Amino acid sequence: MRRVTTTILLSLLSFCVLANGINDNETKKEKKKDEEVKQGQLYMAPLPVLASNPAFGFIYGFAASGGMFLGDPSTTKMSSALVTATYSTKKQLMFTIKSNAYSANNEWFFQGDWRLFYSSQPTYGLGTGPQSDILVTEDGGFKLGDYKDGVHEGELMEFDLVRFHQTALKQIKPNVYLGLGYHLDMYSNINDQLLDLESDPQVITNHYAYSQIHGFDHEGYTTSGVSLNAVYDSRDNLANPYTGRFLNAQFRYMPTWLGSDQTASTLWLEYRDYFSLSKKNPRNVLAIWTYGNFHTSGNLPYMALPSLGWDQMGRSGRAFPQGRFRGNDIFYSEIEWRIPVPIIERNKDLLGAVIFANCTSVSSHDLNVQLFDHLKAAVGVGARVMINKKSRTNFALDYGWGSDGAGAFYLSLNEYF
């Protein structure tokens, strides 16, 4: 009896150990299965928006970041999109859809930037450095060129904007794409709030003077054109890369016969690179971003000039208001160290931090100011919370300190670049 009891106890113990092993295996299999990504499945991270931005004030509304594989995940990069609908304390109603999508097997790459703004924004004249005062000439004309005291406070402008930018690029070899695009920007109902043509002397703003000098209607204007695009993209994830490189070149031609008020052209050159600093944790990344946007011919309206914070995702220039620096050409560079903070053993990828620095230079033909005559720099820190591991969607909170006492908090989804 004792022998039988011992055998039964040993058998039960063996069964429990085996069962526990099976359960562990099943748990591991379920976890592994749960972490697998699938074609056609939307990995979405919707969030209410409660944010602060120096150009828009306090913002509230809705934002959603989505990721999806449009083809086999083993041969197709994840597509990503960011959708926002917001209203601000400065009475700005804004809708945006910004997308980067790859078709099956990465055969096609689509980039979209669609916006509908009933908005306002302070502008600060042209170029980096102390922006120009307005000079009124004896014949009643205007000249930009005093360049002494500058514009210390923004000249607030209300405006409506309809933007439709869409490109389609075909893969010609692995990671290399060529394609065409169409770009429409319609600025209307411009209310230059500091402008006063009835006073004596008149109060003239940079926007009004520039528009008069270059023959644009100061109450509204349009740019409409086509582009030739070349892209190299080896990033492992568009929303939050750990490795890879991104190169983007775009020549945009905006003729009057396509609807532009005046014919003009621009050239965009962009470079991003991502270096993993740890084999154990690929989230430890050094990220580099630089771009140049160059006004190559013709005349552009004031608000369509190359400007800080008006890139596709609106992410350049942390610490400065959107549009703080504007001119004929802009050069921008940023470096960011993305640091994992593995304090939670069960989810080591949950938390992270960043340290960043950026630099901006803007030229102005009217002021005879060249690129790199003046530089504006900023530094900052931030925290990250990964709210969707499959798409690597991060919730980001940053603060930046900039030249001339600039500084601001930023809330966003995904990494800044």
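Predicted model: local features only at pLDDT ≥ 70, side-chain atom pairs only at ≥ 80, totals over all residues.
Buried means under 20% relative accessible area, exposed means over 50%, and partly exposed lies in between, with a 1.4 Å probe and protein chains only. In soluble globular proteins, nonpolar side chains tend to be buried together.

Local features need pLDDT of at least 70 and side-chain atom pairs count only at pLDDT 80 or more, while totals for chains, interfaces and linings use all residues. Residues are numbered from 1 along each chain as its sequence is written, and side-chain values use heavy atoms, with hydrogens and water left out.

The chain has 417 residues, and buried residues make up 48% of them. Its secondary structure comes to two helices and 18 strands. These are DSSP runs numbered from the N terminus, with helices (H or I) of at least four residues and strands (E) of at least two. Of the contacts with a separation of 6 or more, 60% are between residues 24 or more positions apart; contact means heavy atoms within 4.5 Å.

Leu269 gives an example of such contacts. Leu269 is in strand E12, and it counts as partly exposed because its relative accessibility is 40%. Leaving out residues up to four places away in sequence, Leu269 touches Asn248, Ala249, Thr290, Tyr291, Gly292 and Phe294. Gly292 is 23 residues from Leu269 in sequence, yet their C-alpha atoms are 5.3 Å apart.

Where is space left inside? A search of the whole structure finds three cavities of 30 Å³ or more. A cavity is a set of points, on a 1 Å grid over the protein atoms alone, where a 1.4 Å probe fits but cannot get out, and its lining residues have an atom within 4 Å of a point. The volume is the space filled by probe spheres set on the points, which are joined across faces, edges and corners.

The largest cavity holds about 880 Å³. It is lined by 50 residues, of which Asp113, Trp268, Trp310, Asp311 and Gln312 are the closest to its centre. E11 supplies the largest share of this lining, five residues. By class, the lining has 21 nonpolar, 16 polar and 13 charged residues. Here Ala, Val, Leu, Ile, Met, Phe, Trp, Tyr, Cys and Pro count as nonpolar, Asp, Glu, Lys and Arg as charged, and the others, Gly among them, as polar.

The second largest cavity has a volume of about 60 Å³. Among its lining residues are Tyr242, Arg283, Val354 and Glu415. E14 and strand E15 (351-363) each supply at least two residues, and the largest share, three residues, comes from E15.

Finally, Thr205 sits in the loop between strand E9 (176-192) and helix H2 (206-214). Thr205 counts as buried because its relative accessibility is 1%. A polar atom of the Thr205 side chain lies 3.3 Å from the backbone nitrogen of Tyr208.

Technical notes
Polar contact = N/O pair within 3.5 Å; in protein donor to acceptor, adjacent residues only side chain to side chain. 1 Å grid on protein atoms, 1.4 Å probe; cavity = no way out; pocket = protein on both sides within 12 Å on 5 of 7 lines; lining within 4 Å.
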